[in-house]
Amino acid sequence: MEEEQVCQELVLNNIISKINEISLITGFRPSVKKEYCNLARRLKLLIPMFEEIKEIDHQPLSNDAVSSLVDFNHSLALALDLLRFGSLGSKIYLALEREQVMAKFSEITSNLEQALDGISYQDLDISDEVKEQVELVITQFRRAKGRVDVLDAGLHDDLLSLDESSDATIDPSLLKRVSEKLQLLKLDDLTQESVALTDLIAPTGGDPDEKIEKMCNLLKKVKDFAQTENPNMESSSKEKNPSLDCCGLTPADGSPNSLAIPDDFRCPISLEIMKDPVIVSTGQTYERSCIEKWIKSGHNTCPKTQQTLLNSSLTPNYVLRSLISQWCEANGVEPPKRPGLSPPSKHTSASSATEHSKIEELLRKLHSGNPEDQRSAAGEIRLLAKRNADNRVAIAEAGAIPLLVHLLSIPDSRTQEHAVTALLNLSICDDNKGSIINSGAVPGIVHVLKKGSMEARENAAATLFSLSVVDENKVTIGSSGAIPPLVMLLSEGNQRGKKDAATALFNLCIYQGNKGKAIRAGIVPILIRLLMEPGGGMLDEALAILAILSSHPEGKAAIGSADALPVLVDVIGNGSPRNKENACAVLVHLCSGDNSYFVAAQDLGVTGYLQEMAQNGTERGKRKAQQLLERISLYNELQASMPVKGEGPEGHEPTVAEG
């Protein structure tokens with residue numbers, strides 16, 4: 001039985017991870033945008049169900065349900081690959097192979113629907129709200145069967161016609177129509193398409209088949225047309241480019257030339273035009289020698305995106321190399337020679353030379369192992385990082401983040417405080433958030449949250465809030481044991497500590513899997529206490545968190561047992577507009593399936609408050625108030641229709657349906 005439970009949990013974790021990854025995919029190609037967006041949206045709606053299934057300890061799934069979960073996980077993996085290609089894949093390929101693409105899409109969605117239906121979610125102890133949501137998704141899957149929109153057949157025919165035309169006989173209007181439909185009008189778009197086609201070439205070992213050659217030929221024709229229509233075509237970046245000379249290029253006629261080089265032809269590391277462009281696992285392109293030096297120096301992330309490199313393989317970007325050569329030829333510039341590359345120019349932030357020198361000195365102190373030097377250096381980095389955005393970039397680029405993470409676990413409380421506050425200030429820069437997470441900072445931050453001084457604990461909570469802005473970080477932080485010490489800080493901290501803890505908890509509990517952790521950590525009684533503290537200043541935060549937690553079965557039960565109804569009704573009557581709607585949202589969940597709350601709430605005078613709110617509240621507040629009024633009215637009608645005591649079956653109590 002334990003092995004089955006472990007298997008079930010592993011499958012559920014895999015499913016949740018894949019759906020979270022799918023939710024981050026954006027920018028689907030025009031030819032598949034509608035269908036793929038709908039599929040991604042429907043899958044995202046299923047996360048609450050899988051999260052609640054994970055938390056059911058007393059009701060193991062049947063063998064058939066587990067088998068359906070495994071099938072769903074398999075189909076989900078295929079859907080993930082499909083959606084990734086729909087976002088990053090070749091636009092030309094998706095248009096030319098439209099029938100195969102849509103056939104694969106239909107097959108995968110059908111398999112997902114069948115597996116989902118086999119889970120028997122209606123028999124599980126999950127919230128009614130989630131069951132309704134899953135039913136909606138299954139209904140949408142069924143309605144979508146056989147209703148996949150026919151892709152633009154005209155575009156497909158245009159591409160075939162374009163492929164068959166010689167350069168001398170191509171109709172310009174045909175080229176314009178194809179370029180517009182494929183959205184291949186700018187250099188950025190053309191470069192991305194070349195990368196996508198290169199990804200199709202890579203598995204062939206550099207020997208593409210006839211289909212891929214046809215697509216490369218089509219791209220060349222579209223690119224030539226775009227350059228003819230716009231001879232000064234550049235990438236979207238508006239920054240001034242350095243001259244040709246500094247990139248090792250010479251005009252073919254030897255004359256001075258101030259021609260601007262397209263940014264997409266430059267290596268992001270050296271900023272020089274690429275001579276041997278290669279693609280890394282994240283899809284970014286770099287000059288081979290530059291990225292090889294980066295990897296050999298111990299880095300395992302993509303310099304441009306900061307994503308972890310899945311492997312160190314480098315795929316030649318033949319299409320981009322061809323585009324660079326053609327651009328050089330068209331502009332009278334000698335193409336860059338391979339091999340050979342001048343040393344890359346060091347990338348620097350906009351911080352002053354003095355500040356760079358200061359940062360380097362501070363890093364030497366952090367390295368020193370001397371506790372006094374480490375404490376003072378961490379304190380100064382904390383202040384530098386607070387000063388401006390350029391310093392935050394420069395400090396991270398210099399390699400300070402791993403050193404600061406190391407200081408989180410040392411015994412000196414003042415050093416801990418400086419280190420965690422420095423990380424907080426650095427995390428303001430979005431690019432640094434990933435670096436902080438990848439440096440393994442979360443366990444150290446949680447340690448400070450548990451053991452540090454009050455100011456250090458406050459700043460640790462604020463750091464977790466800052467990092468949790470990125471959705472995938474919510475999972476990492478929640479699974480690291482951060483929620484119980486945040487709940488403790490919410491309970492025993494000073495006003496600032498409570499605020500920092502509350503904002504972090506609110507953000508973390510947006511993720512369904514963290515709700516149960518917060519509830520089991522005892523957050524609900526603390527929130528109710530904060531609601532009842534006169535002049536406590538935590539009413540807004542407490543109600544916002546309760547509104548999120550009330551949709552969770554354990555949250556609903558905990559709120560109900562905490563005797564929260566009187567204060568909720570009081571807020572509905574006398575609170576701010578936002579607090580009224582949050583209190584009303586909590587009451588909606590409390591009353592679902594438990595008629596005793598209808599009676600108690602009416603006795604406290606909630607009906608008049610709801611009528612006022614339904615007329616003059618916020619849009620969300622009006623909806624919630626109207627929903628409650630309808631349920632109360634239905635309950636009262638059922639009560640009135642019941643036989644008087646002694647005239648009908650004993651113990652019969654009407655139940656209001658959840659609507």
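These are my notebook entries on a predicted model, with what I looked up in it.

**Entry 1: the whole chain**

I began with the overall make-up. The chain has 33 helices and 3 strands. Next I looked up burial, and found that 48% of the 659 residues are buried. I also wanted to know how far along the sequence the contacts reach. Taking contacts with a separation of 6 or more, 71% of them join residues 24 or more positions apart.

**Entry 2: the strands**

As a reminder to myself, strands of a sheet pair through backbone hydrogen bonds, either parallel or antiparallel.

I followed β1, residues 277–279, to its partner β3 and counted 2 bridges in the antiparallel sense. Here Val278 stands opposite Pro316 of β3.

**Entry 3: a pocket**

I moved on to the second largest pocket, which holds about 680 Å³ of space. How many residues line it? I noted 29, and those nearest the centre of the pocket are Ser127, Glu129, Ser550, Ser551 and His589.

Which helices supply at least two residues each to this lining? My list reads α7 (128–144), α27 (539–549), α28 (553–561), α30 (577–591) and α33 (619–641). Helix α7 gives the most, with 5 residues.

I sorted the lining by class as well. There are 11 charged residues, alongside 9 polar and 9 nonpolar ones.

**Entry 4: one asparagine**

Is Asn73 buried or exposed? Its relative accessible area is 13%, and the cut-off for buried is under 20%, so Asn73 counts as buried.

What does Asn73 touch, once neighbours within four places in sequence are left aside? I wrote down Val11, Asn14, Ile15 and Lys18 as its contacts.

Note on methods
Residues numbered from 1 in each chain as written. Predicted model: local features only at pLDDT ≥ 70, side-chain atom pairs only at ≥ 80, totals over all residues. Heavy atoms only, no water. 1 Å grid on protein atoms, 1.4 Å probe; cavity = no way out; pocket = protein on both sides within 12 Å on 5 of 7 lines; lining within 4 Å. Points joined across faces, edges and corners; volume = space filled by probe spheres on them. Helix = DSSP H or I, 4+ residues; strand = E, 2+ residues; numbered from the N terminus. Nonpolar A, V, L, I, M, F, W, Y, C, P; charged D, E, K, R; others polar. Pairing = 2+ DSSP bridges. Buried < 20%, exposed > 50% of the residue type's maximum accessible area, 1.4 Å probe, protein only. Contact = heavy atoms within 4.5 Å.
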